[in-house]
Amino acid sequence: MTISSKDEEVKFQYAYTLAQQRQIELAVKFIKNEILEANPENYKSWHLLALCESIKENKDTAFKIVSSVLQAMQEAYNENKLGKNDRWQFIHLKLTQLGIIDDMFGVNDSLELLPEVFELFADLFPESEQIKLGSEPNQTKEYLLQAIWLFACKLYLRNGNFKEAQDALKESLNVKTDFKNLNNNLARGYLSLQDRNSAALTEFESVLFYDPMNVDAIVGFAKLIFPEIGETADYKQSPLQTQHKTDQIFANDEDRSAACASLKLMLEQVVENSIDGYHSPEVWWYLSQIYEQYGDSDRLEASLWNCVKFEELEPI
């Protein structure tokens with residue numbers, strides 16, 4: 001029995017929703033039995049399966065899936081059998097491979113393979129061809145190229161290569177587009193956390209103006225209010241979480257308290273109204289800091305438990 005592409009897409013969206021809700025075992029079972037068994041060449045379902053498997057401490061299964069599917073996609077491309085949608089998936093799957101390598105072997109190993117992504121993009125999306133999936137900005141090859149540069153920016157940032165991270169962001173900004181990519185603002189905000197808090201605040205506020213439920217922007221704002229956490233806590237520690245004290249964004253304690261109250265509202269709203277926000281360990285971590293300041297021990301404990309739970313269920 002042949003499954004229509006519409007039915008297949010409905011099944012994929014169902015599996016994706018299960019994964020978003022961190023019902024990982026159900027998602028894995030559904031992908032294998034209801035999608036891949038009928039169509040072994042559904043590459044984005046293989047990608048979702050790999051992401052689901054990546055929550056495990058041992059990333060071997062996820063890595064094997066990604067490596068095998070990348071090889072199959074390369075063979076399909078060489079035989080001119082790779083569709084337009086699958087070209088997009090090819091790039092994103094390659095980025096997932098680098099993310100898994102980063103987790104398994106370290107960021108340096110991932111950075112060594114970064115040139116392969118740009119070579120693959122040049123192969124799949126020649127400059128002479130105007131290729132897009134649809135009318136939305138995130139369906140253009142320009143947006144995809146920016147995504148690669150911003151992924152590179154994050155890798156450099158994790159490795160403490162600030163100059164290279166800045167250069168990667170510049171490359172993303174230099175991609176000619178007719179749309180505003182808020183991910184550039186996010187990257188500029190996180191880069192500014194090193195020593196330009198005011199600039200970081202401007203970038204995060206700009207993102208939240210257009211997208212009030214943006215988890216990365218809210219977490220970035222939280223880092224400005226709780227800069228000491230990056231120096232004293234193990235959670236999600238990276239070189240950029242230590243801020244210089246020369247660029248204070250709060251005039252006094254009252255100013256900081258008002259910002260803290262604003263952050264509390266944002267965090268509680270994103271937990272209530274966003275699937276991504278609810279399942280973000282960082283959101284729960286900063287909520288716990290807020291509740292500690294407010295002396296709310298019950299919600300502090302619940303937030304910490306959710307932080308641990310969703311950290312264990314977070315994919316690559």
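Predicted model: local features only at pLDDT ≥ 70, side-chain atom pairs only at ≥ 80, totals over all residues.
Biologist: Where does Asn183 lie?
Modeller: Asn183 belongs to helix α10, residues 182-192. Helices here are DSSP runs (H or I, at least four residues), numbered from the N terminus.

Biologist: Is Asn183 buried, exposed or partly exposed, and why?
Modeller: Asn183 is partly exposed because its relative accessible area is 32%; buried means under 20%, exposed over 50%, and partly exposed in between, with a 1.4 Å probe and protein chains only.

Biologist: Which residues is Asn183 in contact with, leaving aside neighbours within four places in sequence?
Modeller: Those are Tyr143 and Leu150, where contact means heavy atoms within 4.5 Å. The side chains of Asn183 and Tyr143 are also joined by a polar contact of 3.1 Å. A polar contact is a pair of N or O atoms within 3.5 Å; within protein, one must be able to donate a hydrogen and the other to accept it, and residues adjacent in sequence count only if both atoms are side-chain atoms.

Biologist: And what about Asn181, buried or exposed?
Modeller: Asn181 counts as buried, because its relative accessibility is 7%. Asn181 sits in the loop between α9 (162-174) and α10. A polar atom of its side chain lies 3.0 Å from the backbone nitrogen of Asn183. Leaving aside neighbours within four places in sequence, Asn181 is in contact with Tyr143 and Gln146.

Biologist: Changing topic, how many residues are in the largest nonpolar core?
Modeller: That core has 94 residues, and Ile91 and Leu263 have the most contacts inside it. Helix α8 (residues 141-158) gives the most to this core, with nine residues. A nonpolar core is a set of buried Ala, Val, Leu, Ile, Met, Phe, Trp, Tyr and Cys residues joined through side-chain atoms within 4.5 Å.

Biologist: Which residues does Ile91 touch, beyond neighbours within four places in sequence?
Modeller: Ile91 is in contact with Val117, Leu120, Phe121, Leu124, Phe125, Leu144 and Ile148.

Biologist: Lastly, why does Gln97 count as buried?
Modeller: Gln97 counts as buried because its relative accessibility is 9%. Gln97 is part of helix α5, residues 84-105.

Note on methods:
Residues numbered from 1 in each chain as written. Heavy atoms only, no water. Helix = DSSP H or I, 4+ residues; strand = E, 2+ residues; numbered from the N terminus.
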